[in-house]
Amino acid sequence: MFQSTTHRPIARNGLVDGRWADRLPQIVDACLWSLVVLAPFAWGGRNDASKFLYGLLAVGASLAWITQCWLRKEFRWTYSPALWIPALGAIGLILQMLPLPMEAIEWLSPRTAQLLPLWMSDNSSTLLGSDGWATLSLHPQATQTALAMLLCYSLVFFVALQRLRKLEDISQLLRWIGVAAAAMALFGLAQYFTSNGRFFWVIAHPHQTTEHFVCGAFANRNHFASFLAMGAAAIAYRLVRQTPQDKAFASPPMASRTKTPVALFWTGWLALVGLAILMSFSRGGAMASAAGGVVLAVVYWRGKLWGAKQIGYLMAAITLLAIGLALYTDDRLTNRLDDLTSGSLEELDRLGGRRLIWKANLDAIADGWLTGSGAGTHRDIYPVYFEQSWPKVFTHAENGYLQIATETGLPGILLLVATFLAVVKWSLSALRRCESREAFACLGALLAALTVSAVHSLVDFVWYTPATMMLVVLLLAALCRLANLNSSDNSSDSSSDKPLSRQRRWDLTLALGVTAAFLLYVMAGPALAARAWNQYYTHSVSHHLLQAPQFQQLMQTGDPTCLGQDQSFFEAKTKALRIAVAAEPRSAGAHGRLARTYLQWFDARSHGRDNRMGLSHLQATVASGGFASAEEIDAWLRRAVGDDIELLLAARRHARRAVQLSPLEGMAYVCLAQLSFLDDPSGEATRSYFAQAAAVRPYDGDILFEIGKFHLVLREIEQALDYWQRCYRKEGNHRLLVIAALAGRIPAQDFLETFEPDWKTLPAVWQRYQPTGREPDLDALLAYAEKQTEKYSPGPGDPDAAYVWRWLAQMHADRGDFDAELKCLERAMDENGSLYPVRKSLADALFRAERFAESEPHFRWCLARHPENKGMRQALHQAANARLKNRSTATTRHRRSRSLQR
């Protein structure tokens, strides 16, 4: 890939042919080329298997380089003070994982003592199997993985620093970055326009599809756009470099001797990459691209690289991009670009998710600013501060700067500042040293691409995606080398190169060997578990879709036993999680999910046992059974549930292991609380576990529901209602469980005053009270619903106002007030007449009111949208016949009336 350095190869002890010394640089180059061009096609490095691929390539490049050092008699290596930045970062992460005395933890991280009262108590050894929490990181395994990725990037930076010896090497690196972006853009566009919903046309992703926007091999379209935007800077460099020079425009021409056809080739690629960026619908990617373009334009202007021909080719690229956009008409693209140009944060973040997660991170930084919560712990720590319910898990902070501060505290902030200062120093040095147009062209591309990453990281987590971060690492190495090139011959400045003595070779060999071994050790397990995790997520999505009709049945019957009766899903998820745990025993998430799945499977199996007691029935029986010891409880359980007790024991074992690996696994504490009756019928352990769960997950609706249910069983009504009030404010299926438990069983006025339901749950509340037929309850609900409807203003994620009026119409219809039903449906039509359910409901209501002429157009409209609906066709036919019959009857009556008058 790069230009090989020329050293005379020698044979050592007759075992090594000199040709190997020439091949090893090619192996290094092949690994670096693969990191740039091939590895991004492995999901951009987001899953554990693709991260392992990045690790293998980094290790391969470093081992090939150090072997080359041993095969050459004379060898020089490049040292940069910037190498201390990743070294200090690695030391900081190691300190986060080291066991420390309890007093040191409380002094360095007071938040830990506040979050983990159970771990700091005298009962921690008995209940948790551990004598307190002893590390600054609240998830050491996640920090270990973060350390492995840091070392991976460090290896690549070090090797690239050695291989980029001349300006031609930097130019070649930019060439391959441009090729990588062009290949990814071409693949992304081809996949989008021929999409069947699957990645690479064969792989089904559990959470993403390829039908709605261009995303290439990336599961996240924003990271796809960031990767292309950095590559676009490299393509622009190649375009300027390959453009025939205008001799009248200034300074010596660049080294390129290529002709116009090659410049047209890069012009087309630049337009293609720009089109793919826009069609990803990534506003952050578009904003970062614009920032990079400004930097590129300024540096090229400073280097006098903008001639008439360069501008002409650039305008040609813009023209091609405009033609592509004209052929692709989609209002979504226009709307998103309008949001970007509006300059309004509310428009850019309409759902408010980014602002909420940023606020949670700022709160976390305020509490743990000194040491952070541990690298890689964002998904564990943010729920402590995230007050709103949200349908997705924020694995990252949607802002690289905030996430570094949240996870690593003050040391991470200082190292980030040091990195930016190093970039500024290199940039200024390069500006002073770059006397040739070629060097200025390289500098502009490097700074533009780095600007793209820095700007995009303000609104996304592009630094935590290996495909984009690897480009940043290589670009930083290139900028560092460019800052030290001799202006005379564009080769490496000898002042930064040091002779590689024998002792130094041993030191580097030991350091690189230990780093490579640690990196592979940490990454191998998660890589082996990646396929099992994918299977688990696939089964979970299918199970979630299956639960929709089950919750509908729950609203009708109020019996929670209808949930989760299909054992096949629990069996499939358990099998996948067992494989994941076997491959990676240090995964707290796998242990916690496996514990929860075991408990759900136990309840599902109760429907097929002679003794149909579920987990809650067992808890109540043990609490009131007068058992004297854990042995008596075990003996009774084995008689009651047989071999299914092994599911409970396994769930307890995995839940305990989950909290030992990460003390912020809130649901694992819930599992331990639900299973504490196995050896503690008093219930004291249950209270301790639930208190700890509430401390680490104070806003988790599922956990608050379980705590409330526990207090309700103990007839502690006030505490139960307090937890359920808090739980009801968070969206999720737990709200339906609250409705099933209380609605229809207490006066409706009490339910409304306690929970204040909105229109997301009011239909379910009505569904529970309507069968009771109690007039005071229905009147109170109807009056409440009318008030809520009149002042209703939908916010992000709320149902459309037309649906709200339709639901109110159904309530009036259930009470037999069909005139009010029609008025509500007409109001729904005024709000949004393009919704099929609204038009169909209005058509049905008009038909029942025998207003056939008015219902017929609505039936016809609905049939035009769903011509395959035979029921709708029949309804339209009946309405038309009834209208004609009524007209005939009216005509006959009119004739008879005139006859009588005569």
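Modeller: Let's start with the contacts of Pro-206: leaving aside residues up to four places away in sequence, Pro-206 touches Asn-534, Tyr-537, Thr-538 and Val-541. Contact here means heavy atoms within 4.5 Å. The C-alpha atoms of Pro-206 and Gln-535 are separated by 8.6 Å, although these two residues are 329 residues apart along the chain. Pro-206 itself sits in the loop between helix 8 (167-193) and helix 9 (221-242). Helices are DSSP runs of H or I with at least four residues, numbered from the N terminus. With a relative accessible area of 18%, Pro-206 is buried; buried means under 20%, exposed means over 50%, and partly exposed is in between, using a 1.4 Å probe and protein chains only.

A word on where this comes from: this is a predicted model, in which local features need pLDDT of at least 70 and side-chain atom pairs count only at pLDDT 80 or more, while totals for chains, interfaces and linings use all residues. Residues are numbered from 1 along each chain as its sequence is written, and side-chain values use heavy atoms, with hydrogens and water left out.

Now for the charged pairs. Side chains of opposite charge can pair when their charged atoms come close. A salt bridge is counted when a side-chain nitrogen of Lys or Arg is within 4 Å of a carboxyl oxygen of Asp or Glu, and the structure holds 27 of them.

One of these joins Asp-634 to Arg-638, with the closest N and O atoms 3.0 Å apart. Both residues lie in helix 24 (residues 630-641), four residues apart, which is about one turn of the helix. Asp-634 is partly exposed at 27% relative accessible area, and Arg-638 is partly exposed too, at 37%.

Arg-774 is partly exposed at 35% relative accessibility, while Asp-777 is buried at 8%.

Finally, salt bridges can also be followed through a network: Arg-354, Lys-392, Glu-398 and Asp-460 are linked in this way.

Definitions and conventions: Helix = DSSP H or I, 4+ residues; strand = E, 2+ residues; numbered from the N terminus.
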